[in-house]
Amino acid sequence: MAFSSRRGGWAHSLLPTSNSKSKLPRKARKRTFLKDFFLANFFAIGLSLSLIFLLFITFRYGVPKPLAFKSSNSRLPKLRKPVPRKPISPEVAGSGAAVDITTKDLYDKIEFLDKDGGPWKQGWVVNYKGNEWDSEKLKIFVVPHSHNDPGWKLTVEEYYDRQSRHILDTIVETLSKDARRKFIWEEMSYLERWWRDASDTKKEGFTNLVKNGQLEIVGGGWVMNDEANSHYFAIIEQITEGNMWLNDTIGVVPKNSWAIDPFGYSPTMAYLLRRMGFENMLIQRTHYELKKDLSWHKNLEYIWRQSWDAEESTDIFVHMMPFYSYDVPHTCGPEPAICCQFDFARMRGFMYELCPWGQHPVETNQENVQERALKLLDQYKKKSTLYRTNTLLVPLGDDFRYISIDEAEAQFRNYQLLFDYINSNPSLNAEAKFGTLEDYFHTLREEADRINYSRPGEIGSGQVGGFPSLSGDFFTYADRQHDYWSGYYVSRPFFKAVDRVLEQTLRATEMLIALLLGHCHRAQCERLPTGFAYKLTAARRNLALFQHHDGVTGTAKDHVVEDYGTRMHTSLQDLQIFMSKAIEVLLGIRHEKSDQTTAQFEPAQLRSKYDIQPTHKAISPPEGSAQSAVFFNPLEQTRNEVVMVVVNRPDVTVLASNWTCVKSQVSPEWQHDKSKIFTGRHRVHWKASVPAMGLETYYIAVGYVGCEKAKQAKLKFATKSNHLPCPAPYACSKLEGDTAEIQNRHQTLTFDVKHGLLQKISHKDGLQSVVGEDISMYSSWGSGAYLFKPTGDAQPIIKSGGQMVISEGPLMQEVFSYPKTTVEKTPISHSTRIYNGEKNSIQEFVVEKEYHVELIGQDFNDKELIVRYKTDIDNKRIFYSDLNGFQMSRRETYDKIPLQGNYYPMPSLAFMQGSNGQRFSVHTRQSLGAASLKNGWLEIMLDRRLLRDDERGLGQGVMDNRPMNVVFHILVESNISSTSNPVSNPLPLDPSLLSHSVGAHLNYPLHAFIAKKPQETAVQQPSRSFSPLTASLPCDLHVVTFKVPRPAKYPLQPPEDPRFVLMLQRRKWDSSYCRKGRSQCTRIADEPVNLFSMFKGLAVLNARATSLNLLHEDTEMLGYSEKVGEAAQEGPVLISPMEIQAYRLELRP
């Protein structure tokens, strides 16, 4: 979205692989082989005949050299120095990367004064001497592009029909006329849609342009994803979906990434792209003050290194664009009034706005070409002084450009005349032409190989010489003045939550499909998963589509949001129906099933519409019968946790799969309704144990003799009104005093009864933590979908006198609060729960907070709702928030930037740590925004309702709020050994092992399915469970995905081509907190895990390491060491902390 038209150490993993060697070209190393051999073996080898024979062979055939392989990918980066790689333990991994620049350093030194720089308003008056290009001429690559949003002001289908299909037609026709013309294309969602409609002639023309280098596919993801709210699982999915379609259809794999429009950038993207075989990245939207500093020091091109990477294995080359936007006025040079004159689509007669600076483009001809070319070249030269090399990149495009032949011809025709003039005058020391990203990066790397651009003392990188190394992220983005784009971290939170539900449901479905096909003995049982392949692809693509930087961000028009939501809702229903059928097959209830047969089970939670919260299906078995509840555990460790289903009657009994008694608890169900807090239904809780990646069955029975019924919770009320009746059959009492408590064996929670808010958490070991829960609202007259611009601080909205109910039972204790607020219509109610499960289960250490939010009605116009925890942790306003659910980033509150600039994305976790090692962590199951504005405070925004457009092109506010639930898991920990001081340590801290487990349980919950029909308890079915792993995986090893990438082609693929994919991540954790995570953790991934013996009843026939987009098996180009490509095939894999590693497997029963 442009401003003119829009918004003003894989290290040494012991991988099982095939015998194929690495295809990387390697420089021969000079070896004094004879001397080394002789000296090393003189005393060991006594037989002179052998020695003479060896000397003869050496003399006759020469010194052996390493084998050099030709690579299909001829422009791979050259390693300049050996980079040692070996697996490192979590304890050692904390040393971090050595780099030249960190984004924290930049923030510390920049004054953020927003000085007026003249023509380049956010920079300075750029000049040059004129002799800079005497020895190395300026090589200018003008890169035509068209930015096509898959949804923003129009839906993806509307944009395709009105614009994108015409643009792709135009590209094929205009590029075919002249081999000098070039273009780049990014979004596969549009290309795939066009491909379905295009004639064979157009397809052939497109393919030929790609193959001959005129047209480059950059990025090649399904969309250009957001980098603040998107989870790393979904990012991998969306890039893989696009890249695999592209490779299957056209036979190319992208290696250059183009991300001109995401609102801030995450190092997670750099890591994932590197591990997908990408070589270079381009980014644009970073804070204007950071751009200015990097420009001044010629650091706009750098090597992005992960903060934990001490071995340079994650390095990737980055080009940052220097100016305000990616439109033509802000890409040719520092003076937009001049650059706009070279956007020939703005000439009169076209549909685009004229130049706002008053000087408009004119047709180039022989009379004016000299004056125009010199004026343009002056801008190119000024821009070039901001970079180290004499190779210059100049994008030429904007949103949905090149829509007609006339428009495209105007750009190509005029620019070619200008290039011809520049190129025909050697005294100008410049050569200009159309190019692709690959043309630019290849020429730049070639120049950097010839000329040393390194600065004295610069660490740089072994990947590409001459550039600084950098670590950190680029949040929060500001494009001008105090306009910080922190609002989109929270906009449309309802759909941010649906995004994550679709993500974890897709992941679980992929797992079940892989298990079905793996355990399948004959063709009949392949019918169910292969028949579902079409809907599975649709689900992958609907999740991928929403990762677009106007999708999950919540920054699209209302009807576009509805389109995204409807697509996700449809896929959710498809996936849940499939899962309902898959569990029947895996449990042996029915051996043969197709996609058409009706399921015997249905999801325990049902969504009636795309924009409505799911509701629990109530179980109501008749007397003398039982209904089965099946749980699927998508995690890689056995789960022991308290589970819940809703029933219509309280006198039920819970039975295990083998029909033994299970202790349970029943309590009333409540809702956000002041006049009727109790729904009349009941919640049954019990302790469940579900095997890793497996299934377990339980029964909810009525009238079952021999087992006690669910124990009824005791209720306590605190209310000033008398219309809160005691629901039958529970015992109720009145709360006395100003405070109330609930407790389990590990912690006691204290509440302020008048306000219904959590005050304090006390642990049995004596640790006490002030929590100081506070619910407040910002008034924000300038905020919109993108921007957060509060008017002053947030004001508390909770008054004394609300309703509070405590439910106490043996398994779960809960405080429900329906508060009285400063606004008549209360926008929020909330529950706080603690559990008594298995001894030292993960659940027992967690405080579960569930906020029901209804920011609906004009009382809440231009309001932004937050929850704030005012703790006693001395964090010095430093906190840590995650990036994409993958890694942590250190956040520091700066007085020199406004409140909104100190807000940061919180996709899944934020924590504070005091100098005494005490930690306060909040895990979330959807992306939100967080800040620590005062010492000990952590605040999280829940929802925002905004009347106005914030002048970034959307043309509307955010008024389509929906009732929704936000769930947090709060964890209070104290360290058991010395820890680094958050103030003095500039590196991000890692979560504890327990914290990782808490986050996994919240984001990958058990999937519950209920039998549609009850069964008589007199006829007891055999025990039904399914346990596919030989053992739980280590606690710090996570299965990112286990899937069959192409289920439709599964029966057709040869067995020697591995059809399954297993992707593993080794979590990095802070060892100064309890090593075993205080929970039931028994082992960590310090020892190798054997892939060949991982599955019970399944043989792994072969395993090959692959890239994260599943398209490269040349492991060195992904950051692996040489040894990986030649590792033993026995199957043990050892993964370094933070690494994600993918394997192709073939499985057989």
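Me: Two strands pair if DSSP finds at least two bridges between them. With that in mind, what is the bridge partner of Ala 930 in strand 45?
Reply: Ile 940 is the partner of Ala 930 in strand 45. Strands (E, at least two residues) and helices (H or I, at least four) are DSSP runs, numbered from the N terminus. This is a predicted model, where local features need pLDDT of at least 70 and side-chain atom pairs count only at pLDDT 80 or more, while totals for chains, interfaces and linings use all residues. Residues are numbered from 1 along each chain as its sequence is written, and side-chain values use heavy atoms, with hydrogens and water left out.

Me: How many bridges are there between strand 44 and strand 45?
Reply: Three, and strand 44 (928-931) runs antiparallel to strand 45.

Me: Which other strand is joined to strand 45 (937-945)?
Reply: Strand 38 (863-870) is joined to strand 45 by eight bridges, also antiparallel. Across that pairing, Arg 868 sits opposite Glu 939.

Me: Is strand 45 mostly covered or uncovered?
Reply: Mostly covered, with nine of its nine residues buried. Buried means under 20% relative accessible area, exposed over 50%, and partly exposed in between (1.4 Å probe, protein chains only).

Me: Changing topic: where is Gln 843?
Reply: Gln 843 is in the loop between strand 36 (828-835) and strand 37 (847-853). Because its relative accessibility is 15%, Gln 843 counts as buried.

Me: What order does the open sheet of four strands have?
Reply: The order is 50-51-55-53, with antiparallel pairing. Strand 50 (1037-1043) and strand 53 (1099-1106) are at the edges with a single partner strand each, so one side of each has no neighbour in the sheet. From one strand to the next, the twist averages 25°.

Me: And which helix packs on the sheet?
Reply: Helix 7 (232-249) does, touching strand 50, strand 51 (1060-1066) and strand 55. The direction of helix 7 makes about 30° with that of strand 50. Axes here are lines fitted to C-alpha atoms, for helices over the stretch in contact, and angles run from 0 to 180 degrees between N-to-C directions.

Me: What about strand 53 and strand 55: how many bridges?
Reply: Seven, in the antiparallel sense, with strand 55 covering 1140-1148. Among the partners, Val 1100 is bridged to Leu 1147 in strand 55.

Me: At what angle do helix 5 and helix 7 pack?
Reply: About 35°, with the axes 10 Å apart; helix 5 covers 188-197. The contact involves Met 188, Leu 191, Glu 192 and Trp 195 of helix 5, and Gly 242, Trp 245, Leu 246 and Thr 249 of helix 7.

Me: How about helix 14 and helix 16, what is their crossing angle?
Reply: Roughly 150°, and the axes of helix 14 (493-518) and helix 16 (533-546) come within 10 Å.

Me: Last one: what pLDDT does the chain average?
Reply: The chain averages 91, and 90% of the residues score at least 70. That score is the predictor's confidence in each residue, from 0 to 100. Residues 42-47 are below 50, and beyond near neighbours in sequence this stretch has zero contacts in the model. Residues 57-93 are also below 50, with 81 contacts beyond near neighbours in sequence. Where pLDDT is low, the predicted coordinates should not be read in detail.

Definitions and conventions: Contact means heavy atoms within 4.5 Å.
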